[in-house]
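Reader: I want to learn how to read aromatic contacts in a model. Please take me through them.

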Amino acid sequence: MPQIQCLPSHVADLIAAGEVVERPASVAKELLENAIDAGASAIVVELERGGLTYLRITDNGCGIAPTELPTAFLRHATSKLRTAGDLAAIGTLGFRGEALAAISAVSRVDIFSRQKGAESGAVLHLEGGVPGEVTEAGCPEGTTICVRDLFYNTPARMKFMKKDSAEGAAVSGIVQHLALSHPDISFKLIRDGAEVLHTPGDGKLLSAIYAAMGRDFAMGLQEIRGCGGEVEVSGFVTKPLNGHGTRGRQVFFVNGRFVKSQLLQAALEEAYRNQLLKGKFPGCVVHVTLPPDMVDVNVHPAKTVVKFVSDKAVFDALYYTVRDALDAENKPAVPAPKQESFYQSMTVQQYKEKTAAAEMKKPLGSYTQRPAAPVPKASLMGEVRDVVQPRPAPPVVPVAEKKPAPPVKKEEPVQQAEMVLPSSLVEEAVQQTIEKKEAPWRMVGEVLRTYIICEDERENLWLIDKHAAHERIRFNKLKADDHPLMSQLLLTPLAVTLAAEEYAAVLEHLDTLQRFGFACEDFGDGTVLVREIPADIRTGDAASTLEELAQKLLLGRIDPEGMRDELYHTMACKSAIKAGMVSDAAELAALVERVQSGEIKYCPHGRPVAVQMTKYEIEKMFKRA
């Protein structure tokens with residue numbers, strides 16, 4: 001057995017750095033949390049090349065004493081914990097004392113700090129975790145940390161880094177989340193010399209949302225505020241009509257800390273039940289506040305996962321707060337008192353007399369306007385065609401074959417002349433009639449504008465999901481085409497604002513998206529400019545389609561080889577008949593024929609297209625069997 005021995009200190013530091021420092025965004029998160037804990041009211045983040053070569057964070061917090069600068073970079077050195085009992089009530093963002101040590105172990109660090117009221121500050125340089133001498137320096141009150149050449153001494157880590165644009169977008173996402181969690185702090189992000197984010201720091205959450213997540217998102221929000229026991233909930237949620245295609249716009253904070261929680265997601269979406277379009281998700285910026293001893297924030301190294309003492313209390317507080325806000329928004333407006341008094345002051349006889357007098361004054365040529373006729377709908381089975389079409393001209397028939405019309409008597413109604421069709425059309429009509437009679441199924445109708453009812457020759461009843469069936473037809477057609485995906489150039493480029501993580505995923509896979517019809521470019525501030533989209537996608541569906549693809553890329557569900565199928569899935573879903581749409585009998589019959597022939601059994605996502613019920617099962621429900 002090999003001999004057991006302690007690792008050298010620099011090797012141990014590199015291992016610890018690998019647990020804490022994953023990418024430039026990890027460095028930014030740790031340093032920003034320290035700046036917030038230092039009581040800063042303004043923080044500036046500057047980065048170049050995604051933060052790999054240069055990352056500087058400046059704050060106006062309390063600063064660090066010159067004698068404590070070397071100590072700050074030792075492992076497990078912290079000013080935020082004193083005893084084991086403090087772990088049960090953690091109120092700061094950083095507390096483990098590993099961040100500065102881990103960062104300095106894999107980079108070159110310069111730190112300038114000056115305490116409030118001090119005449120001068122101090123500077124310390126570290127390289128590979130080895131500190132130099134502390135010297136006096138002129139600097140503003142607060143702390144400035146400059147991190148250069150990240151992973152310079154661990155080149156194997158560099159191959160796991162993504163494109164500079166993707167790494168920079170990840171840093172932007174960290175700054176965005178911290179700005180939303182602390183609206184009283186002004187955050188400024190300067191990326192490659194350009195300012196991409198600046199929050200006012202006025203203490204208003206909506207102001208921070210407007211600056212960090214965009215105008216369109218902020219304008220579609222409504223405020224929530226409530227509590228349940230010791231759990232308080234506040235923030236903003238999207239109105240039901242402003243749902244999003246992914247969950248990327250759901251941002252949760254627990255005691256000021258950004259967290260990823262399936263419990264909070266479930267509570268939010270449950271509150272929107274029966275109020276949101278199918279396939280849409282609510283967005284939110286929600287703050288949950290509860291006593292520190294009711295939540296454990298030390299269950300994950302990145303501190304983005306928390307554990308609650310009472311899951312039910314937290315779920316109920318968020319669920320009822322959101323539901324009450326949505327119910328209050330949807331209540332009908334109360335009629336104006338003046339209008340009520342007008343109608344209530346009239347008796348039935350007075351109303352009749354008033355109506356009769358109004359009719360006598362009406363001019364002779366007046367008439368009651370009828371509602372406009374409904375616009376003919378377009379077919380949903382592929383090519384667009386009008387339901388109401390001009391009657392085709394009768395086929396040309398030789399004069400010899402026309403039968404003379406019978407004489408018309410004045411006292412009798414006019415009879416339409418009988419027309420003899422060409423033999424080819426007659427044979428086609430007869431053949432269609434025979435085939436229809438020989439079809440081993442009979443379409444009964446449609447229910448809920450979603451499911452087609454069909455009866456087969458074995459007396460089985462079928463329920464067919466028209467959206468799933470049409471989606472599979474569209475998917476098979478796209479898969480069968482061998483030619484490359486065609487793209488369409490947009491006359492006006494489409495600006496799509498994405499969540500921070502989705503934005504980073506799109507920037508990382510720009511080349512892959514280009515191969516499949518999406519020509520995108522970085523527009524800055526979380527926005528992607530789309531110039532071309534696949535030809536089979538409607539312009540109105542381009543933004544939601546890109547959001548869905550970004551979410552799948554973010555979760556690592558698809559690679560460049562699997563992008564085509566995922567894109568086909570999305571394109572087929574967007575172009576298929578939707579549940580709730582009105583479909584004519586010809587469209588429904590065409591779907592039934594494809595399903596009953598056995599050609600289609602499952603939708604592209606694996607859901608069944610049709611469900612069978614035997615005659616025995618139906619009779620058993622009615623106690624006949």
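Reader: Which helix holds phenylalanine 315 and tyrosine 319?

Author: Helices are DSSP runs of H or I, at least four residues long, numbered from the N terminus. Phenylalanine 315 and tyrosine 319 both lie in helix H10, residues 311–330. They sit 4 residues apart, about one turn of the helix. This is a predicted model: local features need pLDDT of at least 70, side-chain atom pairs count only at pLDDT 80 or more, and totals for chains, interfaces and linings use all residues. Residues are numbered from 1 along each chain as its sequence is written, and side-chain values use heavy atoms, without hydrogens and water.

Reader: How many aromatic pairs does the structure hold?

Author: Rings of Phe, Tyr and Trp (its six-membered ring) pair if their centres lie within 6.5 Å; planes under 30 degrees apart are stacked, over 60 edge-to-face, the rest tilted. The structure holds 3 aromatic pairs. Phenylalanine 253 and phenylalanine 258 have ring centres 6.1 Å apart and planes at 65°, so they are edge-to-face. For phenylalanine 315 and tyrosine 319, the centres are 6.2 Å apart and the planes at 20°, so that pair is stacked. Phe315, Tyr319 and Tyr320 form one aromatic cluster.

Reader: Is tyrosine 319 buried or exposed?

Author: Buried means under 20% relative accessible area, exposed over 50%, partly exposed in between (1.4 Å probe, protein chains only). Tyrosine 319 is buried, at 14%. Phenylalanine 315 is partly exposed, at 24%. Phenylalanine 253 is buried, at 0%.

Reader: Which ring has arginine 108 over its face?

Author: A charge sits over a ring if NZ of Lys or CZ of Arg is within 6 Å of the ring centre and within 35 degrees of the ring normal. Arginine 108 lies over tyrosine 152, 3.9 Å from the ring centre.

Definitions and conventions: Helices (H or I, at least four residues) and strands (E, at least two) are DSSP runs, numbered from the N terminus.
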